[in-house]
Every structure is written in structure tokens, then in C-alpha cells.
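Here are a few notes to read alongside the model. Take them one at a time, and find each residue in the viewer as you go.

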Amino acid sequence: MHRNSPADDIDEAELTVTPPKTQAAGLRAVGVALQRAVSDMGVVRTARSLARVNQVHGFDCPGCAWPEPTGHRRPAEFCENGAKAVGEEATLDTVGPEFFAEHSLADLAGKSGYWLGRQGRLTHPMVLRPGDTHYSPISWDDAYRLIAGQLRNLESPDEAVFYTSGRTANETAFLYQLLVRSYGTNNLPDCSNMCHESSGTALTASIGIGKGSVTIDDFAAADLILVAGQNPGTNHPRMLSALADAKKSGARIIAINPLPETGLIGFRDPQTVRGLTTGVDIADDFLQIRLGGDMALFQGLAKLLFDAEDRAPGTVLDRAFLESHTAGFDEYERHIRAVDLDTVVEATGLTRADLDRTAALLAGSEKTILCWAMGLTQHTHAVATIEEATNLLLARGMIGKPGAGVCPVRGHSNVQGDRTMGIWEKVPDSFLEALDREFDITSPRAHGYDTVAAIRALRDGRARVFFGMGGNFVAATPDTAVTEAALRGCALTVQVSTKLNRSHIVHGATALILPTLGRTDLDLRNGVRQQVSVEDSMSMVHLSTGRLTPVSPELRSEVAIVCELARELLGPDHPVPWAEFRDDYDRIRDAIARVVPGCEDYNTRVRQRNGFVLPHPPRDAREFRTATGKANFAVNDLHWVPVPPGRLVLQTLRSHDQYNTTIYGLDDRYRGVHHGRRVVLVHAGDIAELGFRDGDLVDLVSEWTDGVERRVEGFRVVPYPTPRGNAAAYYPETNPLVPLDHVAARSNTPVSKAVTVRLEAHIHRPGPR
């Protein structure tokens, strides 16, 4: 059934450009949110859904992972993009067998991801067998038998890859990794590998745990907040409320970013009187840094702090903290004192005055929080950059005190919870030992494939089955042509999904689509409503309860899909009580309590009003579980991203009308882009210097050390206040430009924020793009 889905696909000829906005949210955001929600769900379903988003007895927003306040929650505890996410999931439009009978794979392959996603909720399990031109229905039992048969026929369990999206709940994630390890592999790549893997790698080395050290309450206590490589107004808009509250308490906020982002300029909170009138100016200062210049910035600021300590000994560095809780400081100090500030200015594109002003604020702050997102994590030297950011805070004792700490802002709801539950290709042996004791199994110990390694294995024929638990793997990953070819070489691809997406169109010899319940859906087992749990970006674990009637009786919960597949694959005598877990999620949480550190008495604690916060030794007790037993200063050679002559350095980013690979609409109104997506944002001076004009159509061609030229076509040049030599464009349209092997050192995260490109005049070529 299709009520409001677009009949036509994107027409880039309709694209228009207006000046960027200077205020985020406000009444316009309310209007857009309600209009989109009603269009997708209807009035009654909209009212029932939005009233429960992020409420204590409601469901967790399927969008971002920003935490809920621990005190009073507002009636509308969601943002514009959260309303869009709910509307996308709770839509009344459906995609069933009749849709697939009408649309061949060849037909669907010509549609954009936007069109595919807008068709509605999947309603039935579907199969595509070798030689078929259309998906056709299959029973759940037959689907499980097909998967189990393919997995048993592999020469090794390591020939299968089990991917996970961040939206999977804790219960599903725990059972999914238990199934995969019972089967015999640690091939558990997930979306963390492509976003905050660099953060986890750096923080684990520095402070002994790969999570942020602050809670939502710390924001109101901070006196200085640095927001680096991040666009809260689009990617996690509820963060703006926390920043506005911090401003009211006297905090100063510094935005560090290549692009001026509207949400960090001004914020109109539609739930306050001031928000309906004047709004709040969020950032007190904007450091417009060049792409890849953040490591230089953090080292330069550290050098200026040492200089300030020399001028007033004992007033800047926290000597007591350094002596009691850190290791490696002397070597770090020697390295930083040798940093050349002229080089820092060159690498960052900032002025010496910018550096001095920021260092003075750092030196005078008693409680500093440093937040970051993909702008720091998706660079070749991302891990070292985040280590340098952590070094800066450690030097001033800003870990393990209220109102201070590190804050990697996770993107997808429960992406952090998945990792806590064991979705990790190199989980510690201690976790596996606890898993084996609990279930009387023998987990494999050899590390598995992360996302990039999984694509390489599929490409090279070392893996032959791909199983995706949610997400849109094809559209989320780098080097699209390579990834698509890798999946097409599979014997079997399986996608557990709520909505149609590109990953269903790029398939193996045999392909399955398994439709699942979403966060908003009522999940009944034997007449009892089940609840799931999630972990937010700040380690708070809480329940989520869907209440909407599912659009099809054929839908299965992710928990049920995992348990029923496990019984078929592993047999009825397997020691894990899969049937009991499927029918009672409390039993799953009891097992989690015995296996996962920090989850003791899970069922009781998760039912508290705000849930419970997982332990974080550096935050809780200034305890650092590293090899030295202390927080470790890292020493890193300085790296940045020079711009080759005649070229630009490109970052990929989201529009305001999308969340990750899900495109809600075609308006990025904060940046002034409307009715289209194929734009490249370039400084006006660079446009002229490269011989182009505003509005020209160009192809983007990426250049890398492998000598392969990767091309995307037909992008409109848009003048924009970027740093000279830098450019920006939306993903997934620009994912084909990111080389598979262009990854961050140590984390293996794709480098999507530093792609060297050249612009070529677009020449129309007949045929599909």
C-alpha cells in the first residue's frame, strides 16, 4: 500500500540554492517534523508515536544516541530528525509480495536509495534464487533452512561475515554474537568500524576504556566546551539543548570545524519562550580549521599551555594529577615543547591569535569538556589526533571530575550498546571466557574481520556468505564499486531489514530479505509485551518499549529471527536455550547480567526511571585500566593534510534531510540546498582559481596512491564558506570516491574526511550514472 511515497525519483534539475541559515530548529523545525510525520503515519499514529519518543515508558528514538536528561523530560523529547526517523519506521506504506512482483531487480536497480526507502515497510520474507529476475515470497522456516544449509556447506565458519547496524538492541546484539560464536567465527564487523573505531582505539590506549567519560549532567557543570569535527544541528540536534543549558550556566563554547554549521551558530528551542523569539547564540568562538588540521591544533594548544605554565608555575598544569595518575608525561612534554607554531598555523589555517585566544580559555578553565564526531575519526591519523585531544585534557587534570572529560558523540542509537554486548571482531578473551562458562560452548579466539577487512575478504573470495543485521551495508561503506562487486560474488546475502534499500538490490547468487519489527512496533510473545534495552552515547542503559501495531503479521523481532535461525543452524540439542530467550527477553537480560561486566542485576536496574549507568573507571574513581595502571600520554609525530596544486581535499557529510544512509527528503535547508543532493561545496576563490563558475556541473575524480581514478558525475558547484583548498559533498553519493584501502592507522576506519579530488567539467554520457 502506498499513500504518500513519491511516484518519481530525484530530479537534480530541480535543485535550487539559497543562502545558509543562521538559526537552527525553532518553529520551522516543528512544522517540518509534524508535516513529515503526518505524511508518513497519519494524524492518529503520529500522535501516538511522538508522545512516546524518548519517554520513560516509551521507545528510544531510532535515530541518534544522544542521552535523555536524567531529570524532567519535556513532552516533546525529540528533534526534527527524530520525528523523521520515527515517521520513516512507522509509516503506513508497505512493500509486500505484490510490489516485488511488479518491480524487477533491473527496475529497482535504476532507482535511488531515496526512492527505495520511501516505498514503505517490508512485510514478508522474500527470496531471490539464481537466475530469478524478481524477489518472491518464502516462508520463515524455508528461509532459515536455506541460510543454515549455506552456512553448513562452507569449508570454514570464517567464510561467513555477520554485519551489525547500530540500531540493534542490546538483547539482539548479545544473542547475535552468541549465535555467530557458537557457529565458530568472530567475523562481526559493525558500523562502529566506520565511525568511532578511532575513538575507541585512542581512548583505550590513553585511559583504558574506549568510551566517553562524561554524562549528560556534566554539560551543565562545565565552564568550557569544545565541539570539534561535529554538526549537532543535523546529526544530533538534542545536543543543542544541552549546549544551551550550559550557556545559561556560564559555559563558553568553541566550535572547531571546517564548515560553519547553523546549529553551532544559533539555536531556537521551540519549547522555550526565548526559543520562539530570539534564540541562543551557541558558539562563543568559531575556529574554521582546515580538513586534517586538528592534530596540529591540539599539539599547538598544548605548547601554549606549557608556555603559560612557564610564565606562572603551578597555575596551568595539574601537577598532582599528573604525578598520581599519568604515565609518559615527561616524554610528551619534550615532544610538545619542540612543536613549531608556524607549522601549526600552516596546518590548521588558523591565525596565531586564534591559538592564543583558545589556549587562554583552556588555561583558565576549571572544567573542560571536549566533544567530537566523524570530523576527527575519519582521517588517516585519526587515532593519534584523538590521543592528542586526550593529552590536552590530561595535562590539565580534566578526566574524572564533574563537568570535565572526553565526549565522543556516537551517531546511531545503540551503536555503543552493540559493542558492550560483544559485537566486536576482536573482543577480549575475558568476555569469551565468561560467554563459554555461561553457555558451555567454545568460542573461537582468533580475531575476525572488521568492515574493511570483510569487504576485502568478500572481494577476494575468502568469504562467501554475508548476513546483515540491519543497516544498508552497500550504501554505508567506502569504494562502492568494489563493495558491490564483492557482494555480488557471494553465494548468499541475507538482509534483516525494516525498509527497502540498496543492499537488497546488490545481492549474491541467492538473496534473502527478512522483515523485522522496528523500535516503534509492539513486540508480543505469547501475549506478553516484550521490552528491549539500549545504551546511549554516555553509557546509560534504559528500556525501550514499542506500542504500534505492526504493519504485517509476518514481521518477526530481531530476537526471534536470531533464535529461530540458531535452532535451525545449531540443532535442538545446542546448550543455549534459544526458545526460552525468544519467548522471554528477561531471560536474555539475566544471561547478560552474568556475562557482561557492569551489567549485574540487569533486569532490576534497567527498570529504574532512568535505567542505569555502566561503570567507567576513569570517570568514577580516576582508575585507569591500562598496561601502566595509569592514563597514558601519547607521543605522535605531527601530520596534517596538504592540498596538492589544482586539487581539493573533500569531506563527505550528511544533509539535514538524512540520517546516515536513510534519505528523508531533498532539502538541506541549513546549508541552503533544496530539491537535490548532487552538489559540491567549494570556496568561491577555489572555484575561480580552478576555472569554474557558480552552478557549473562537474565530475569529482578522486586520486590516491593506488593510481585508480574513482569518479562520480554531474555535481553542481556551489560557492560556500569552506577553508581554501577544502570541499564538501553528501554521502552516499560520494562514497565511490573513498578508496577501500585508504584507512586510519590502527583503527582501519575509512578516511572519508580527507579525499583528494580534482574537478572536471561534466560531459553528459548516455546511460545510467
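1. Start with Glu703 and Arg758, whose side chains form a salt bridge with the closest N and O atoms 2.7 Å apart. Glu703 sits in the loop between strand E31 (697-702) and strand E32 (710-719), while Arg758 belongs to strand E34 (residues 755-761), so this pair ties together parts that are 55 residues apart in sequence. Please keep in mind that this is a predicted model.

2. Are the two partners buried or exposed? Glu703 is partly exposed, with a relative accessible area of 25%. Arg758 has 14% relative accessibility and counts as buried, because buried means under 20%.

3. Now look around that pair. Glu703 and Arg758 belong to a network of salt bridges that also links Arg647, Asp699, Glu709, Arg711 and Glu760. For the whole model, the count comes to 56 salt bridges.

4. Another salt bridge to find joins the side chains of Glu159 and Arg464, at 3.8 Å from N to O. Glu159 lies in the loop between helix H7 (140-152) and strand E7 (160-164), and Arg464 in the loop between H24 and strand E16 (465-469), so the pair ties together parts that are 305 residues apart in sequence. Glu159 counts as buried at 14% relative accessibility, whereas Arg464 is partly exposed, with a relative accessible area of 34%.

5. Arg459 counts as partly exposed at 40% relative accessibility. Asp460 is partly exposed too, with a relative accessible area of 44%.

6. Then turn to a pair of helices. Two packed helices are described by the angle between their axes and the distance between the axes. What are these values for helix H24 (residues 451-460) and helix H26 (residues 480-488)? Their axes come within 8 Å and cross at roughly 55 degrees. That makes H24 oblique to H26, because angles from 65 to 115 degrees would count as roughly perpendicular and those under 35 as roughly parallel. The crossing of H24 and H26 is left-handed.

7. Which residues make a nonpolar patch of about 260 Å²? They are Leu27, Val30 and Leu34. Leu34 is found in helix H1 (residues 26-41), and Leu34 is partly exposed, with a relative accessible area of 42%.

How values were computed: Residues numbered from 1 in each chain as written. Predicted model: local features only at pLDDT ≥ 70, side-chain atom pairs only at ≥ 80, totals over all residues. Heavy atoms only, no water. Patch = residues over 30% accessible without salt bridge, like charges linked within 9 Å, V, L, I, M, F, W, Y side chains within 5 Å. Areas by Shrake-Rupley, 256 points an atom, 1.4 Å probe, with all protein chains shown as cover. Salt bridge = Lys/Arg side-chain N within 4 Å of Asp/Glu carboxyl O. Helix = DSSP H or I, 4+ residues; strand = E, 2+ residues; numbered from the N terminus. Buried < 20%, exposed > 50% of the residue type's maximum accessible area, 1.4 Å probe, protein only. Axes fitted to C-alpha atoms, helices over the stretch in contact; angles between N-to-C directions. Parallel < 35°, antiparallel > 145°, perpendicular 65-115°, else oblique. Left-handed = near helix turned anticlockwise from the far one by under 90°.
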